[in-house]
Amino acid sequence: MSEYWQEISALTMRWVRRLSREKFSMLFTLVQPMLFWLIFFGNLFQRAADSQVTQAPNYISFLAAGVVVMTVLNNGLAGGVDLLFDKENGFLERLMSTPIHRTSVILSRFIFVMTITSLQVLVILGVAFLFGVHPATGLLGIAAILMIGMMFGVGLTAISMAMAFSVKSHGDFFSVLGFLSLPMIFLSSALVPLTAMPAWMSFMAKFNPMTWAIDAVRPLILASWSEALPHVAMVVLVMVVFDAICLYGGAKAFRRAMG
Amino acid sequence: MDRAVAIDVSHLSKSYDGHRAVTDVSFQVYVGEIFGLLGPNGAGKSTTLRTLITLLSPTSGRASIFGLDSLHDADRVRRLIGYVPQERAIDRFLTGREHLELLAALYHLPKGAAGPRIAELLKLVELDAHADRPAKTYSGGMKRKLDIACGLLPDPKVLFLDEPTLGLDVQSRLKIWDYVRLLKARGMTIVMTTNYLDEADQLCDRIAIIDAGVIKTIGSPVELKVGLGGDIVSLTIKETEKVPSLDLALKGQPAIKAVRAMPKGLDIRVESAEKALPIILESANRLGCTVEFIQYNRPRLDDVFLAHTGRRLEAVEREVTS
């Protein structure tokens with residue numbers, strides 16, 4: 001057990017070190033484009049968005065939940081990128097030739113991605129706070145938001161890693177990534193509530209796990225525990241299934257890639 | 001005398017996506033020797049190596065390292081081996097020391113033991129002065145040295161080197177050869193792949209020539225060369241169109257063991273040059289061939305490769321790169 005922990009902490013530290021050496025990347029990771037969604041998109045649509053439709057005091061407070069989950073989405077889907085580069089330059093082989101538990105490499109990546117994502121979510125909630133969005137459910141609500149983010153993030157990171165292990169070249173990886181991320185956002189309740197969507201889009205959005213995550217995060221920010229709780233319970237259920245499927249697929253891809 | 005066996009590979013085959021990379025490969029590596037897998041790119045050297053280091057599971061057959069099966073005892077095998085991959089498997093953002101610290105944790109070295117071991121290795125590969133610079137500032141040779149230090153970190157019983165000097169300048173190459181010899185002197189067993197003839201010839205105690213996934217022959221470089229029997233007379237003639245008829249005229253002559261037509265002349269394997277030369281010159285004369293150049297060599301490893309695969313290694317490399 002202590003050996004296992006030694007492996008995981010050393011591998012996680014490697015990701016942290018890498019991030020700290022890539023100053024620009026760190027800046028862009030933490031002060032993410034996601035903030036631009038919140039600041040620019042949120043303020044841009046302040047008057048264009050009908051508060052009767054969004055059921056929120058203003059558009060930015062409606063959008064906050066969407067941006068939180070979008071952050072999770074982007075980080076999760078990009079979570080496998082570094083492993084992809086490790087695979088391509090042979091570093092992964094070097095790691096795999098050592099007597100480590102096979103899951104250490106993956107677990108360290110999960111820990112790192114989840115930690116960074118949580119920090120970003122906090123930054124976003126902080127910025128939203130400056131624009132007057134005060135989470136209605138308090139600190140406990142923020143903890144619940146982080147938990148929902150992590151549950152969604154685990155599945156997404158698993159998908160990303162599965163892709164990293166399966167693709168032939170990193171070109172393929174980035175095309176699929178680019179193809180996945182925007183439709184996931186548009187076909188969710190991130191920017192507009194389902195009720196305001198064309199019927200076919202809101203129908204498709206119901207199959208998007210992201211919608212469920214947003215629908216739970218949003219009342220945690222805007223409404224109250226009593227309103228949020230049923231959604232939170234629901235999203236936990238959805239995410240358990242989502243994660244199980246993603247982890248199963250990820251494990252399969254990993255095993256195949258490891259010969 | 002029976003020598004202790006470090007690695008035993010028996011009827012190993014590996015296919016990927018219906019393509020057979022390695023077919024029915026068997027060989028043994030003895031404790032304390034430098035064993036080389038020599039062959040062109042794509043011959044199956046790396047596939048064989050990666051099976052031995054437990055990264056690939058064989059389609060059929062088996063490989064064992066100090067009696068441990070590479071598939072079923074993979075974890076225990078990994079504790080015995082060090083691996084230096086072909087690519088510069090370096091994280092450009094980490095320093096040299098951090099690479100070794102990471103690996104020390106992955107080999108579960110206690111903190112107290114890791115520090116001195118890392119210092120010792122950095123000194124061995126002469127990177128101590130650069131240990132705290134990110135690896136992206138290293139030259140090719142320095143990266144290779146770091147690679148080797150990483151492979152040595154667990155103090156392995158067997159060290160696997162995949163193309164250790166590929167793409168290095170002459171000086172770095174010779175340096176790497178020195179390390180390999182030093183490790184052998186310390187009793188380490190070393191398995192390496194190479195597509196450099198001189199490397200195989202000068203460094204390896206025994207080599208296996210591998211081509212198209214099949215082992216063609218195994219032995220020490222000297223054995224293999226002697227095994228060809230006799231010396232080689234290379235003849236360049238002016239009238240290249242007469243090469244086939246001269247080839248025909250020489251085949252079956254006493255003192256001549258084999259004749260191989262080359263673009264500008266013939267490579268003739270002879271029992272003894274003294275006996276064969278008059279015959280060769282007389283035949284050339286009779287057929288009206290002007291001998292432009294004649295050279296007589298002890299067989300080189302390249303000739304061994306040619307004899308067993310039907311092609312010259314350099315020619316194969318050119319085909320692959322073009």
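Axes, in what follows, are lines fitted to C-alpha atoms, for helices over the stretch in contact, and angles between N-to-C directions run from 0 to 180 degrees. The structure on display is a predicted model.

**First stop: helices 6 and 9 of chain A**

Select residues 81-89 of chain A, which form helix 6, together with residues 138-166, which form helix 9. The axes of these two helices come within 8 Å and cross at roughly 20 degrees. Angles under 35 degrees count as roughly parallel, and helix 6 of chain A and helix 9 of chain A are therefore roughly parallel to each other. Their crossing is right-handed. To see the contact, display Val81(A), Leu83(A), Leu84(A) and Lys87(A) on helix 6 of chain A, with Met161(A), Ala164(A) and Phe165(A) on helix 9 of chain A. By class, these contact residues comprise 6 nonpolar, no polar and 1 charged.

**Second stop: Ile148(A)**

Remain on helix 9 of chain A and select Ile148(A), which lies in this helix. Is Ile148(A) buried or exposed? It has 26 C-beta neighbours inside 10 Å and therefore counts as buried. Leaving aside residues up to four places away in sequence, Ile148(A) touches Ala213(A), Ala216(A), Val217(A) and Val235(A). For a view across the chain, select Phe91(A) as well: Ile148(A) and Phe91(A) are 57 residues apart along the chain, and their C-alpha atoms are separated by 33 Å.

One of the residues touched by Ile148(A) is Val235(A), and Val235(A) is among the buried residues of helix 13 of chain A. Select residues 225-257 of chain A to show this helix of 33 residues. From its first C-alpha to its last, helix 13 of chain A reaches 45 Å, close to the 48 Å expected at 1.5 Å a residue. Other buried residues of helix 13 of chain A include Ala228(A), His231(A), Met239(A), Phe242(A), Asp243(A), Cys246(A) and Phe254(A). What covers the buried residues of this helix? Helix 8, helix 9 and helix 12 (209-222) of chain A are included in that cover.

Turn next to residues 2-21 of chain A, which make up helix 1. Its 20 residues reach 28 Å from the first C-alpha to the last, close to the expected 28 Å. Within helix 1 of chain A, highlight Gln6(A), Glu7(A), Ile8(A), Ala10(A), Leu11(A) and Arg14(A), which are buried. These buried residues pack against helix 8 (104-130) of chain A together with helix 3 (96-106) of chain B.

Now show both chains. Here 21 residues of chain A are in contact with 24 residues of chain B. On the side of chain A that touches chain B, helix 1 and helix 7 (91-96) of chain A are the elements that give two or more residues. The largest share, 8 residues, comes from helix 1 of chain A. By class, this side of chain A has 6 nonpolar, 6 polar and 9 charged residues.

**Last stop: helices 3 and 4 of chain B**

Finally, select helix 3 of chain B with helix 4 of chain B, residues 111-124. Their axes come within 10 Å and cross at roughly 135 degrees, which makes helix 3 of chain B oblique to helix 4 of chain B. Helix 3 of chain B passes helix 4 of chain B in a right-handed crossing. The contact is made by Gly96(B), Arg97(B), Leu100(B), Glu101(B) and Ala104(B) of helix 3 of chain B, and by Ala114(B), Arg117(B), Ile118(B), Leu121(B) and Leu122(B) of helix 4 of chain B. These residues divide into 6 nonpolar, 1 polar and 3 charged.

Note on methods:
Residues are numbered from 1 along each chain as its sequence is written. Chains are lettered from A and ligands numbered from 1 in the order in which they are written. This is a predicted model: local features need pLDDT of at least 70, side-chain atom pairs count only at pLDDT 80 or more; totals for chains, interfaces and linings use all residues. Helices (H or I, at least four residues) and strands (E, at least two) are DSSP runs, numbered from the N terminus. Angles under 35 degrees count as roughly parallel, over 145 as roughly antiparallel, 65 to 115 as roughly perpendicular and the rest as oblique. A crossing is left-handed if the near helix is turned anticlockwise from the far one by less than a right angle, and right-handed if clockwise. Two residues are in contact if their C-beta atoms, placed from the backbone, lie within 7 Å. Ala, Val, Leu, Ile, Met, Phe, Trp, Tyr, Cys and Pro count as nonpolar, Asp, Glu, Lys and Arg as charged, and the others, Gly among them, as polar. A residue is buried if 20 or more other C-beta atoms lie within 10 Å of its own, exposed if 12 or fewer, and partly exposed in between; C-beta atoms are placed from the backbone. The expected span of a helix is 1.5 Å times one less than its number of residues.
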